[in-house]
Amino acid sequence: MTTPSPDSAPNIAMDYTVLDCPDPAALAEFYSKVLGWDLGRSESDWVTLQGPGELRLAFQQATDFVPLDWPSDGIKIHLDLVVDDMDAAEHYVLGIGATKIEGNEDHQGFTVFRDPVGHVFCLCRRS
């Protein structure tokens with residue numbers, strides 16, 4: 001098989017970042033509060049949030065979802081969310097259901113959390 005030339009590559013664009021979860025509506029509500037994004041499509045097994053421009057985040061029902069055992073399993077994939085005020089953002093996400101894994105004292109500029117079903121995300125100080 002020959003390697004195609006970059007000039008012949010088809011147009012492939014990013015559509016959604018999708019998080020598997022047991023309850024798409026509940027997790028979409030959590031991230032809607034975190035990001036301030038509006039609800040898009042909502043079905044029993046698929047919910048989307050619409051961010052600015054073309055940014056979208058989707059939640060897909062996976063009844064057998066099991067969160068990674070971080071750090072022993074590694075992260076695999078996570079969301080980095082940029083904030084201006086780390087203390088206010090941390091207080092807010094904890095208040096709506098996130099769990100803190102590692103604090104900013106462990107890492108310069110970011111803090112690691114789990115969302116209500118166990119996905120890892122970071123609040124990162126805007127540089």
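Q: Is D15 buried, partly exposed or exposed, and why?
A: In this predicted model, D15 counts as partly exposed because its relative accessibility is 41%.

Q: Which residue does D15 form a salt bridge with?
A: D15 pairs with R56, and their closest N and O atoms are 2.0 Å apart. The two sit in distant parts of the chain, 41 residues apart: R56 is in strand 4 (residues 56-61), while D15 is in the segment before strand 1 (17-21).

Q: Where are E29 and K33?
A: They are both in helix 1 (residues 24-35), and because they are four residues apart, about one helical turn separates them. E29 is partly exposed at 47%, and K33 is partly exposed at 41%.

Q: What does R41 pair with?
A: R41 forms a salt bridge with E43, with 2.9 Å between the closest N and O atoms. R41 is partly exposed at 42% relative accessibility, and E43 is partly exposed at 41%.

Q: New topic: what about E90, buried or exposed?
A: E90 is buried, because its relative accessibility is 15% and the cut-off for buried is under 20%. E90 lies in helix 2 (residues 86-95).

Q: What does E90 touch?
A: Leaving aside residues up to four places away in sequence, E90 touches K100, T111, F113 and L123.

Technical notes: Residues numbered from 1 in each chain as written. Predicted model: local features only at pLDDT ≥ 70, side-chain atom pairs only at ≥ 80, totals over all residues. Heavy atoms only, no water. Buried < 20%, exposed > 50% of the residue type's maximum accessible area, 1.4 Å probe, protein only. Contact = heavy atoms within 4.5 Å. Salt bridge = Lys/Arg side-chain N within 4 Å of Asp/Glu carboxyl O.
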